Amino acid sequence: MSTAGFNSQNGTGTGQTYANGPSQNPVALQQLPGVSYSMTHQPPYNPMQAKAPSPPGPGLYPSGPYQPVPPVSSYQPGPPLSSYPTPPGQPLLTRPPLGGPPSHTPPQSASPSPGPRLPPAQATPPPPVSSSSYYSSPQQPQPMAPAWQYNTAPPPSGPPTSMNTPPRGPVANHVNPAASSTAPPPSSAAYSSAPQAHVSHSATQPLGPRMPPTSVHGYTQPGAAPPPMNPIAPHTYQPNRAPYGPPPTGPPPTMKPTPPPTGPPMANATPPPPKADGTVAGNGPQAPNSYNHVDNKMAGLPQPGPPGRHLGHYPSLPPGYQNTSTPHNATSPMHPAMQAATQPYTQAPQPYQQPPVGPGPAQLSPSLAAMSLQSSTPEALRVVNLLQDRNLLPPSPIPAPTPCLPQDLQKINCNPEVFRSTLTSIPQTQSLLNKAKMPLGLLLHPFKDLSQLPVVTSSTIVRCRSCRTYINPFVSFLDQRRWKCNLCYRVNDVPEEFMYNPVSRSYGEPHKRPEVQNATIEFIAPSEYMLRPPQPAVYLFVLDVSHNAVETGYLNVFCQSLLDNINSLPGDSRTKVGFITFDSTIHFYNLQEGLSQPQMLIVSDIEDIFLPTPDSLLVNLNECKELVQDLLKSLPTLFEKTMETQSALGSALQAAFKLLSPTGGRMSVFQTQLPNLGVGALQSREDPNQRANAKDIQHLSPATDFYKKLALDCSGQQVAVDLFLLSAQYCDLASLGCISRYSAGSIYYYPSYHHQHNPSQVECFQKDLKRYLTRKIGFEAVMRIRCTKGMSIHTFHGNFFVRSTDLLSLPNVNPDAGFAVQMSIEENLDDMQVVSFQAALLYTSSKGERRIRVHTLCLPVVNSLSDIFAGADVQAISGLLACMAVDRSVTASLSDARDAMTNAAIDSLTSYRQSVLTIQQPGLLAPACLRLFPLFILALLKQKSFRTGTSTRLDDRVFAMCQLKYQPLIYAMLMIHPALYRVDDLTDEGALNINERTIPQPRLLQLSVEKLCREGAFLMDAGTVMYLWIGRNCHPNFLTQVLGVPNYAAVPDNLYMLPELDTAESQRTRAFIGWLRDQRPFFPSLHVIREESQRKASFMQNMIEDRTESALSYYEFLLHLQQQISK
Ligand SMILES: [Zn+2]
């Protein structure tokens, strides 16, 4: 062992060099003995630098205000050069003893009261409500911004000195020299169908501070000049073609007036197929520090205030812009955005498709005037007596209801899988909403993989000068030169270059531009949308290598999976990767180009973690790929014989945060046990004996705020943390999960993972990893949700950090993340016929482009309870209620949440009975559109998250709650109410034909044992898991032709995969299961179970309509509701 001179510094934040040494740091170098380490410019770690100021007033920390973590101004002497047991011979970095100032205080001690609780409502504390109701009282003042929000941007990550000499490694690659020298001229305005390779940012931007302290939105250059309004910029539209020529010059052609449409308004509130309805949240008051504010500066001086009140009627159009009967493009029968829902996802945006060239909805507003929302809505309001009509389940999955809009508007509306509202008809007033007793909110899947996504490159992105709404299909054109914002009603000028329509290559058709023809569109953002050069794709993997971890065998799978997919990681020539492993110490890997093999560097001073060689731990993937591959091949064997049982996860996370801070990026953490050493150490809080019979469920909230605080630090530095938890033991997911939740990460959980004992989970883990490593990713993202003036959003659900009232900070955004928001109506909407919602997601692509994806949803406003009921979306309502109930479980109690869900059903059906039904009749009555509401509520009460009286591991429950909060609605619904099919008699009748594969479509069955029969085989699709139940007398044909076994007794006990048999039955069954799996981003495992299988209990627990020892049957539940309603 040799030693090397070692200077390290933990800065005090003043820029003055503070040396923990100079101290002799014993370094043992296996490969390169005698190498000396110089740490003179290591950026100091100060956890508070990225933190929000102490918030005033009540915040998310009921136990007290946000407590600053003492800065690390000294380090705790680690154990003097202890020997690391395994693997022997590895270099060991330990700081020597030093009589210094007190040690870094573990952050959890910052909370004054024991057991800090983190209410999940992230944006604002839920409004006070009666003990078991979700609905706020009318005209309730909206709370101010939550106390723990950032109102200013996180300060730079280091002291001034570190700006001048930024960390060499990460930042050196931070700027793509080629990109900065090829920034497009500001006047260029090309429409491109494919992702552009250029990166437009100013090469003169300072690299040091990541965000100026005065800006919340971190992507604009303060003081930058407004983009030139080039008079006649050569707009070109190029779906895989060279740009078209410049637009015609000369006077714009005159528009010929055409008669408005005369067709009847669409009156049916729930017509079957056309999917389009959406949801978005609205904007509250614009925060002065929002990126709108910055954008306003960019766009020039804001003109004096918005036009006060809205102008009354939905704006009408001059004759030149009124409806024409121009036929729509015959080749595009379905709007691209709508097609997306029905297509399997793809990784990359598809070429821009020419939108229909017919009249956009913006020209159709006159038809709204003729629209009568009072017209009868036969099907949605058909009265159903739930006690009599037992077979309510439709034979196939329920489509989203269609908003009651004129066809032209609806046809172009946002895809409901992307954007959806609980009420597709918005009440005029909050008091009307309160009467309806249904929750109003939006469910979003904003970064969903789309097979068709129009992508636009333009130097001028047209936005409202007042509220910064992006121009969209629901604005109106007053004339050729002016458009009126559909959110704030301000009249805006049409920029000159917007006059040219690249689609038709003609001038004077702003209403036919793609921005006005597509409710979902993506812009390649010009440089005003950047504060710093777009970050590179950076991936850091943090791996548990304790004895427990090695026992599970996960490391093999991980390393192999990364080796297999290393060329598919999203990124470009700047992509960087790094690795940290940990047990009771932290191990770094020097992967610098030129080394003959990776170097392992062990830091045992976990109390005050530092980076041994900051420049060579995150390396350029392309340049160092061989070293990375070497490491991945050797890692599994490196720790084979370890006996180290301790886990210093908290320190490993701190190290990873330090490493990623200069650039931002993605941290993937793999953990297999309860962290029990150093900062963030946790203790078991679960008593297995109390799982089934506890009166209420304890410990749903975190035991420490260490993970949340670290997540907020990460968020401030554009770092997201994804957590993979693989453990048979209690891991306190309620605490650990905070690291992902507040940093916009994902959580994966594999209980009882073991490479030999649990092969089905190994398969899931492999499939999930492949998807995870290769799926699209957006970096340094923010999402803002706006809504029409008069409405406001107040509570967000999902994984993110709320930076200002309507701005979500998403260090990473992934295509599998869902979000929900709750809304209220602040002002009467009685002058409006429609309202709009717009979600704008600004992110950096893995290729280093700033992009903005914009979704706009339009919904009608109604003034009668029956119209509100007719537009109810029972799945969206149930999904939003589930999110609200998770919050309530944590802030109040599980029983309180359960009561509130039951009351939600009682309240809405009572309201319907009292206010909508004209003829009173006996029974439990519901409108047809809500006929499944009690069933879904009962399903929620029996769901893993909320069930009682059934033994449920605490981590399983908490994970189920996490899933309800961030899964997109369609997946969450399967977890709430699984789908049951009979599959032993599959036929081709009514089958789908996809890619020459025939996919049988068996009908949905009620979740009741009475639907099972011993002669059959039944598939239950519960979202993340599927069960294939085999009846005792199952037809021998199915056993032999599908399962490949001679008889029932021969069905293996642990079968998780169907054999690939060359029979029609096998092909049908596998095609159906494969088709179900293809429709979701995660991999549901399959368990084949016999009547006496151990897993039978899990299957039977999903039989929601049946009575169990601890829960009512569906019929009993209906009787309970009826009793409450008729009180
Ligand atoms: Zn506006």
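Modeller: A residue is called buried when its relative accessible area is under 20%, exposed when that area is over 50%, and partly exposed in between. The model discussed here is predicted.

Biologist: Which residues does proline 675 touch?

Modeller: Leaving aside residues up to four places away in sequence, proline 675 touches Ser647, Leu649, Gly680, Ala681, Leu682, Tyr707 and Leu736. Take leucine 736: 61 residues separate it from proline 675 in sequence, while the two C-alpha atoms are 9.1 Å apart in space.

Biologist: Next, the metal. Which residues coordinate the zinc ion?

Modeller: The SG atoms of Cys464, Cys467, Cys485 and Cys488 coordinate the zinc ion, at 2.2 to 2.3 Å. Along the chain these donors follow the spacing C-x2-C-x17-C-x2-C. Both cysteine 464 and cysteine 467 are buried.

Biologist: What arrangement do the four donor atoms make around the zinc ion?

Modeller: In general, four tetrahedral donors have an ideal angle of 109.5 degrees at the metal. Here the four donor atoms subtend angles of 99 to 116°, so the arrangement is tetrahedral. The rule asks for all angles to lie between 85 and 135 degrees.

Biologist: How many salt bridges are there?

Modeller: A salt bridge requires a side-chain nitrogen of Lys or Arg within 4 Å of a carboxyl oxygen of Asp or Glu. The count comes to 35 salt bridges. One of them pairs aspartate 449 with arginine 771, where the closest N and O atoms are 2.9 Å apart. This pair links distant parts of the chain, 322 residues apart: aspartate 449 sits in the loop between strand 10 (441-444) and strand 11 (455-457), and arginine 771 in helix 17 (residues 759-774). Aspartate 449 and arginine 771 are both buried.

Biologist: Where are arginine 851 and glutamate 522?

Modeller: Arginine 851 belongs to strand 32 (residues 850-862) and glutamate 522 to strand 17 (residues 520-524), and this pair too links distant parts of the chain, 329 residues apart. Their closest N and O atoms are 2.6 Å apart, in a salt bridge. Arginine 851 is buried, as is glutamate 522.

Biologist: Which residues have the most contacts inside the largest nonpolar core?

Modeller: They are Met667, Met791, Phe837, Leu1028, Ile1030 and Leu1043, in a core of 217 residues. Helix 19 gives the most to this core, with 11 residues. A second, separate core has 46 residues, among them Leu562, Phe639, Tyr750 and Tyr753.

Biologist: What span should helix 19 have?

Modeller: Helix 19 (residues 874-891) has 18 residues, so at 1.5 Å a residue it should span 26 Å; the end C-alpha atoms are 25 Å apart, which agrees. Of its 18 residues, 17 are buried, so the helix is mostly covered.

Biologist: Last, the backbone. What phi does alanine 744 have?

Modeller: Most residues other than glycine have a negative phi. Alanine 744, not a glycine, has a positive phi of about 65°. It is in the loop between helix 16 (738-741) and strand 25 (747-751). Its relative accessibility is 6%, so alanine 744 counts as buried. Serine 752 is not a glycine either, and its phi is positive, about 60°. Serine 752 is in the loop between strand 25 and helix 17, and at 35% relative accessibility it counts as partly exposed.

Technical notes:
Residues numbered from 1 in each chain as written. Predicted model: local features only at pLDDT ≥ 70, side-chain atom pairs only at ≥ 80, totals over all residues. Heavy atoms only, no water. Donors = N, O, S within 2.8 Å, 3.2 Å for Na, K, Ca; no water. Tetrahedral: all angles 85-135°; square planar, octahedral: opposite > 155°, others 65-115°. Buried < 20%, exposed > 50% of the residue type's maximum accessible area, 1.4 Å probe, protein only. Helix = DSSP H or I, 4+ residues; strand = E, 2+ residues; numbered from the N terminus. Expected span 1.5 Å × (residues − 1). Core = buried A, V, L, I, M, F, W, Y, C linked by side-chain atoms within 4.5 Å. Contact = heavy atoms within 4.5 Å.
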